[in-house]
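Subject: Structure handover and notes

Dear colleague,

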Amino acid sequence: MGSQFTIYSVSIEKMAASIRRPAPGTVETSRQRAAAVDARWELEASRTMVEAVDDIFGDRPKDPEAGHVYALVWQDLIEYDESTRFDFGPLRLGAQYLREASEEFESAGVPRELTPVRFMYDHPFAGTPLSRHMPVIGHVPAARMPRMRQVYGGIVDQVVAADLVKVLLAAVDETLDFNAFAREVPDGPLPLRDLVTFYG
């Protein structure tokens, strides 16, 4: 089975607030899910999933050698937050496919910073070590969504990697729709959503 490219439409601002002031039971249920992973898998890392949960919620110093464990915890937290998930894969050629697709997109007019091989390494969680293994965390800020919609919408019928374009557009459209709503909430605005990606 190949690697997976997973995209979430989620508010990083809201997530950060919930990490600082978690709702009752949030840490406990996160630890339970982490403990289940620890029991199933033998992660080659200096931190367990449970320890990584405690590091994140407790704002404790992070182990620089356990970036992939923190990435797994962030994905779990996003999965169980108010997010929308989009999957692309499994990718038999993995990073090679994404690299070749990005080259094709750039040739078709997509700015380099909006190609997968650029944003898929744009780690959005300050203070968390970068993952040296899988999964790798990426990020497209809300401010880039309109431009991303424009450039990807213009190439969907022109590229070989059209299936990837369609998944990206679905995620962007979901985010743009939510953000339009968030800006118009009478007691708002609500925190805007970004895209957060996990490759691995």
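To begin with a question: which residues of strand 3 lie on one side, which lie on the other, and are they buried or exposed? On one side are Val136, Gly138 and Val140, on the other are Ile137 and His139, and all of them are buried, so that both faces of the strand are covered. Before I go further, please keep in mind that this is a predicted model.

The overall fold

The protein chain contains eight helices and four strands, and their order along the sequence is β-α-α-α-α-β-α-α-β-α-α-β. With a radius of gyration of 17 Å, close to the 16 Å that the globule rule gives for 200 residues, the protein chain is as compact as a globular protein of that length. The C-alpha trace spans about 45 × 45 × 25 Å along its principal axes.

Of the 200 residues in the protein chain, 47% are buried. Among contacts with a separation of 6 or more, 68% are between residues 24 or more positions apart. The accessible surface comes to about 10,400 Å², and carbon and sulfur atoms contribute 51% of that surface. As for charge, there are 21 positive and 30 negative side chains in the protein chain, and the centres of these two sets are 2 Å apart.

The strands and how they pair

Strand 1, which covers residues 3-10, is mostly covered, with eight of its eight residues buried. Ser3, Phe5, Ile7 and Ser9 point one way from this strand, while Gln4, Thr6, Tyr8 and Val10 point the other way. Strand 1 has an antiparallel pairing with strand 2 (residues 84-91), made through six bridges, and within it serine 9 stands opposite threonine 84. Strand 1 also pairs with strand 4 in the antiparallel sense, again over six bridges, and here the bridge partner of valine 10 is aspartate 194.

Strand 3, at residues 136-140, has five of its five residues buried.

Isoleucine 7 has its place in strand 1 and is buried, with a relative accessible area of 0%. Leaving aside neighbours within four places in sequence, isoleucine 7 is in contact with Thr84, Arg85 and Phe86, with Val167, Leu168 and Ala171, and with Leu195, Val196 and Thr197. Proline 111, by contrast, is 104 residues from isoleucine 7 in sequence and 19 Å from it in space, C-alpha to C-alpha.

Backbone features to check

Most residues other than glycine have a negative phi, and most peptide bonds are trans.

- Methionine 134 and proline 135 are joined by a cis peptide bond, with omega at about 0°; proline 135 is in the loop between helix 6 (116-119) and strand 3.
- The peptide bond from glycine 188 to proline 189 is also cis, with omega near 5°, and proline 189 lies in the loop between helix 8 (162-184) and strand 4.
- Aspartate 59 is not a glycine, yet its phi is positive, at about 50°. This residue lies in the loop between helix 3 (49-57) and helix 4 (67-79), where aspartate 59 is exposed, with a relative accessible area of 66%.

A loop residue for comparison

Where is alanine 45 found? Alanine 45 is in the loop between helix 2 (26-40) and helix 3, and is partly exposed, with a relative accessible area of 30%. Not counting residues up to four places away in sequence, alanine 45 touches His68 and Val69. Glycine 25 is 20 residues from alanine 45 in sequence, and the two are 27 Å apart in space, C-alpha to C-alpha.

With best wishes

Terms used
Residues are numbered from 1 along each chain as its sequence is written. This is a predicted model: local features need pLDDT of at least 70, side-chain atom pairs count only at pLDDT 80 or more; totals for chains, interfaces and linings use all residues. Side-chain values use heavy atoms; hydrogens and water are left out. Helices (H or I, at least four residues) and strands (E, at least two) are DSSP runs, numbered from the N terminus. The radius of gyration is taken over C-alpha atoms; the globule rule is 2.2 Å times the number of residues to the power 0.38. Buried means under 20% relative accessible area, exposed over 50%, partly exposed in between (1.4 Å probe, protein chains only). Contact means heavy atoms within 4.5 Å. Accessible areas come from the Shrake-Rupley method with a 1.4 Å probe; for residues, only the protein chains shown count as cover. Lys and Arg count as positive and Asp and Glu as negative; His and the chain ends are not counted. The place of a charge is taken as NZ of Lys, CZ of Arg, CG of Asp or CD of Glu. Two strands pair if DSSP finds at least two bridges between them.
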